[in-house]
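Please keep the model in view while going through the numbered points.

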Amino acid sequence: WLADRSHMQRSSPRLTIVCALNWIRGWAAGGAYLGKFDGKQAEAQRKWDLAGIALAYLKLKRNASNEDRAVIDPWLIKVADAARAHFDDASIKRNNHWYWLGLALGAVGIAADSDRHWQMAKQIFADAARDISADGTLPLEMAREGRALHYHAFALMPLVTLAELGASRGEDWYALADGALHRLVAKTTDGLNDPGIFDQLAGVAQQRPVNPGSGWVALYDARFPGKLAKRPEQAYKHRWLGGDVYVLSKVLQTRD
């Protein structure tokens, strides 16, 4: 929220920027998210929060001092490595959680200038593109039965945002695997507009109302105006996406 306000305020934006950076620097100095995590939910929260924090920091990066960066950047890298290590356990499914890790790593890669993390994010996106079936569905999310549509929309949040990070570096990730992400967007959008489609695909009625996720519709529609025949209603901000995705898009378009 503070990172967004720093781009929207007409008066005293510097105070907001300093406040937001101080929050992140305080977490970094205290080693937040680096303790021992017990349980899959805690691990999930670490990567979700890391994605949001790194994207918020990306909005503030131009205003971060050398002292800020000396504390924050190494911390982001440590948290990213800790989150990635969770998936060394072969029993952990590489479903939407893998994609959220990809977003966290990609955001850290750009915000902390770490090519190592950027390359890991790129590989995870390539994995996701291969996961998307010819009909635009994700098999591991179809296995959610009555929540299949919900999890397709949830998976699109990190994937579309990751594709936008790629675009900011001149890389067209939307085109990977013969436009796999476009297929996923199209099928999920059709399902959100008519959940009966996923009732049939999953072989079980979808829980209603269906949560459409946040942010991905706004980002996709801005990148490909008119490609969505009927745009689902959806919030354009979420803390795991660093807040307001329109602000994020503006930052990505204008970053050095």
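1. Val-160 touches Tyr-174, Leu-181, Val-185, Trp-216, Leu-219 and Tyr-220, leaving aside residues up to four places away in sequence. Contact here means heavy atoms within 4.5 Å.

2. The model is predicted, so local features need pLDDT of at least 70 and side-chain atom pairs count only at pLDDT 80 or more, while totals for chains, interfaces and linings use all residues. Residues are numbered from 1 along each chain as its sequence is written, and side-chain values use heavy atoms, with hydrogens and water left out.

3. Which residues have the most contacts inside the largest nonpolar core? They are Leu-76, Val-160, Leu-165, Leu-181 and Trp-216, in a core of 78 residues. Helix H8 (residues 148-168) supplies the largest share of this core, 13 residues. A nonpolar core is a set of buried Ala, Val, Leu, Ile, Met, Phe, Trp, Tyr and Cys residues joined through side-chain atoms within 4.5 Å; buried means under 20% relative accessible area, exposed over 50%, and partly exposed in between (1.4 Å probe, protein chains only). Helices are DSSP runs (H or I, at least four residues), numbered from the N terminus.

4. Helix H3 (residues 40-60) packs against helix H12 (residues 245-254) at an angle of about 55°, and their axes are 9 Å apart. H3 is therefore oblique to H12; oblique covers the angles left over when those under 35 degrees count as roughly parallel, over 145 as roughly antiparallel and 65 to 115 as roughly perpendicular. Axes are lines fitted to C-alpha atoms, for helices over the stretch in contact, and angles run from 0 to 180 degrees between N-to-C directions. On the H3 side, Leu-55, Leu-58 and Lys-59 make the contact, and on the H12 side Val-247, Leu-248, Val-251 and Leu-252.

5. Ala-177 lies in H9 (residues 176-193) and has a phi near 55°, a positive value in a residue other than glycine. Asp-178, also found in H9, has a positive phi of about 60° although it is not a glycine. Ala-177 counts as partly exposed because its relative accessibility is 39%, whereas Asp-178 is exposed, at 72%.

6. Finally, a cis peptide bond joins Arg-208 and Pro-209, with omega about 0°. Pro-209 is in the loop between helix H10 (196-202) and helix H11 (216-223). Most peptide bonds are trans.

Note on methods. Helix = DSSP H or I, 4+ residues; strand = E, 2+ residues; numbered from the N terminus.
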